[in-house]
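Please read the following report alongside the sequence and the coordinates. It takes up a set of strands, a sheet and a helix in turn.

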Amino acid sequence: MRLPILRRRTIRSTVMLLVLACVLPAWLLVAVVTYASYQRERTEALLEVEVASRRLLRTIEQKADADQAVLQALALSAEIDRGNLAAFHRQASQVLRHTSGFTIVLSDASGQQLVNLLRPSGTPLPQHGDRELLKRVLQSGEPALSDLYVGPVKGQRIVSIEVPVVRDGVPRYALSLGVDPALISRHLSQQELPPDWVVGIFDRNAKFIARSPHGERFAGRDAVPELREAMQRAPEGWIEGTTTEGIPVSGFYARSERYGWTVAIGIPQTRLTAGLRTSAGYYAAGLLLLLLGSLALAVALSRRIADPVQALVAPALALGRGEPVVVHESSIEEPDEVARALDRAQQLLLQRAAERDHAEEKLALAAKALESAAEGVVITRNGRILTVNRAFSMITGYSAEDMVGQPLSMLLIEAESAHREERRKTIMDTGVWQGEVWGRRKNGEVYPAWSSVSRAPSGKDEPIFVSVFSDISAAKQYESRLQHLAHYDALTELPNRLLFRERLSDMLTRAERHGNVLALLFIDLDRFKPINDTLGHQAGDELLQRVAERLAGCVRASDTIARLGGDEFTVLLDDLHSPDEAGIIARNILDALERPYILHGQAQFISASIGIACYPSDSDDAETLLRQADMAMYRAKQEGRNAYRFFAPEINLQASERLFMANSLRAALERDELKLVFQPAVSLASGKIEGIEALIRWEHPEQGTILPSRFISLAEESGLIEPIGEWVLREAAQRTRAWKEAGLFSGRIAVNLSPRQFRRSDLAARLLAVLSETGLPPQALEFEVTEGMVMEHPERGVLVLTELVAAGVNVSIDDFGTGYSSLAYLKRFPVHRLKIDRSFVSGLPDDRNDRSLTRAVVAIAKSLGLSVIAEGVETQAQADFLRRIGCDFAQGHHFSKPLRADALEAFLRTRAGAASERTATTAHAKSESEA
């Protein structure tokens, strides 16, 4: 039987093809690398545009928030209620200096302007320029940011921030802050963005508010159609289009959810493709030179090889006809070897014929003997299958007819080919090989097998190999499942702590070998426990799965994401050029996790705190890197959460100090190291002591006096704050009762509540039990709470404060103005006093901003029927200013520093004696005058 004739080629054409086949792949690889480099540069440039767009949008929102807060404070002015528009005109003129606007307008519900700083007080004024905006603000009672409109006074395009003026729960007026779009355009030009970028800010109607460059020429013009259509489809995204000047750009836009303005930044397409065009020119020239050189080399080689081979054709044909062969020697070694081989072939023909008959007989006998074997058996020679048994067909699905004469390699997957020579060498050296291989069934299914291959003597040059194998798929599946359970988290399918440590060790080894930067990100979800507590653990598990999915979308496929347990995740980033890349990825992760999660049909929000440690700058040890990233994460939590922080050496020092302090604090109560000091609060009108604040100090045997700022947060984290808080209340109540019984003090004692105490459901019952135990009436006690504590859960905060006030306890808001400052909730809180933070008092009376803010706080308190106390009063000038603006009480070193109990008792006795002398002198003078 003749084999089919394959398509024939000459030696010369074959050599040429081989030369080209060897050279061209390398050049194709150069092309792929060049294009990949271009794609990476393009992606980095577009990412820079997106980050710049979001940063600019946050800047605009923050500025609008600041101006809105100023207007809301101005809306509380009593001059509006009195109808004194001239005084309000002056007051608004002072406030305008602290904003980015050029005028402030007061309008009534009909749209009539009552005050406009562009006109002198008392002159006639037009209607409001944007009646729809005014109507929306008065109906909703919420602030708003306008679209671009024409101001009625100067006839110029403006935008404005509008806030309602609410009286008795009803919006009566509206305050507007007018902003010139040209000012916004100048602000854009100061953002230090690349000069060829196009930046635009648009209102809800897709009209330009500001633009860089040429902002003054574009105000009020429509956005290009591509951007307008994209803004209608989605609040943010990428666009491809052409600027008004006809420049093709790729851009990113993002719309403010609160204000409706949109920021768009475009980067010219020519900037993205410049590198690719240059590389393409070099590539084309190099390819042409390569082809010409390869052709010349191929022609020379083919001539050298073809002539000696052609001389062997006639002897080979004679050998095929059975004729005697005479072969001449050649100057080339390989053709000469072929000639000698032809001569040997002539001698072996008869011998091979006899051996073939004998071998076929032995194979027939072996086939019958192996049919009953339970394992699959394959007999091969020269890589071709000679025979198989029945078990082979049952395992692989191939019949004997399918496989006889076929290469053994078709039974194995492609990856096994790389180990073929190694196995063959082992068999030739030892006579046997055993091991695991991966085969492929007839239906394409891949399966593992345990194979034993031995060499059988054949009496010929090419040995016979006998392969015996069995299917171990079930065992491998069981082993794989065990491995997966040991190395992956069952909930998120992410690597667990064990696999994370293995990969960290491997990445450190690679980073050391290649000199790369490796970053470890330690991620802890902020306030995850309330999700479990309120929605249940099933919702918590679903949230963790969603978090894992979002983390996977923020990193590369080569990076590792792991769940260490609970709500703690880690990310390993290798092959970095600098730690700054880790910061960019951390920022992307924070942005991704901030997006809402739909759980049980409701939108839930959660953030994260991220700590970053880098190799080699921080450490080259896996455990140390993990510990450093953990410490950096806690620094991010301490500084407000929803942030990332890099590890720094001072964090380690602070952590060591915190550990030392935490261990020492546990024994402080037992060793009686905690002490109370007391600071009087004085009435600014009468000069009498109206209250006392109890402050805690830690008298450490080694470090001396430790202020609360160093240990209260540790007590809060460890839970020790609750016994410490009860001890403070009990000690302060006992002292106050003693001073009252001695007639030295008749006011209230003020005690600070911690956030952990405030969150307890039985807070009121526990505190009132302490008062009952010490005999101090609730009316003699005042609790100080911060805005942050109450605003953490406002609705619950109202219930807790109401319960305390109902029991007779007074409540004050401490550090007012430094927290949330939510006036909407403040009017609902049953509090008696606002406490002005010392940061506002320190600049009085010289600092204009501190004067304005202090007046605003006092005005707010008075309008709500609350008294006001200022802390940190150091000078008589500060006390005089506070008294003039209506502040009721003050405390600080100007009156008395914090004193121990015995020192305060002496201070009270001195003040009481001085008061008695003044009373006696007054009575004596009165009796003399009557006489």
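Predicted model: local features only at pLDDT ≥ 70, side-chain atom pairs only at ≥ 80, totals over all residues.

In the hairpin of β4 and β5, 6 residues lie between the strands, and G155 takes a positive phi near 70°. Strand β4 (residues 149–150) runs antiparallel to β5 and is joined to it by 2 bridges, with Y149 having I158 as its bridge partner in β5. Strand β3 (residues 144–145) is likewise antiparallel to β5, again through 2 bridges, and here L145 has I161 as its bridge partner.

Towards strand β6 (residues 170–179), β5 forms 9 bridges, and these two strands also run antiparallel; P164, for instance, is partnered by A174 in β6. The hairpin of β5 and β6 has 2 residues between the strands, and D168 in the turn shows a positive phi of about 55°.

## The five-stranded sheet

An open sheet is formed by 5 strands in the order β18-β19-β17-β22-β23, with mixed pairing. Because β18 (560–565) and β23 (644–646) stand at the edges with a single partner strand each, one side of each is left without a neighbour in the sheet. From one strand to the next, the twist averages 20°.

Strand β22 (residues 607–615) and β23 run parallel and are joined by 3 bridges, and I610 stands opposite Y644 in β23. Helix α15 (residues 497–514) packs on the sheet, where it touches β17 (517–526), β18, β19 (568–576) and β22, and its direction makes about 20° with that of β19.

## Helix α24 and its buried face

Helix α24 (residues 763–774) comprises 12 residues and spans 17 Å from its first C-alpha to its last, which is close to the 16 Å expected at 1.5 Å a residue. Within α24, the residues L763, A764, L767, V770, L771 and T774 are buried. Seen down the helix axis, the buried residues of α24 fall within an arc of 130°, so they line one face of the helix.

These buried residues of α24 pack against α22 (721–741), α23 (755–758), β28 (781–786) and α26 (794–806), whereas A765, S772 and E773, on the other side of α24, are exposed. After α24 comes G775, whose phi is positive, near 80°.

Definitions and conventions:
Residues numbered from 1 in each chain as written. Heavy atoms only, no water. Pairing = 2+ DSSP bridges. Helix = DSSP H or I, 4+ residues; strand = E, 2+ residues; numbered from the N terminus. Axes fitted to C-alpha atoms, helices over the stretch in contact; angles between N-to-C directions. Contact = heavy atoms within 4.5 Å. Expected span 1.5 Å × (residues − 1). Buried < 20%, exposed > 50% of the residue type's maximum accessible area, 1.4 Å probe, protein only. Arc of directions from axis to C-beta.
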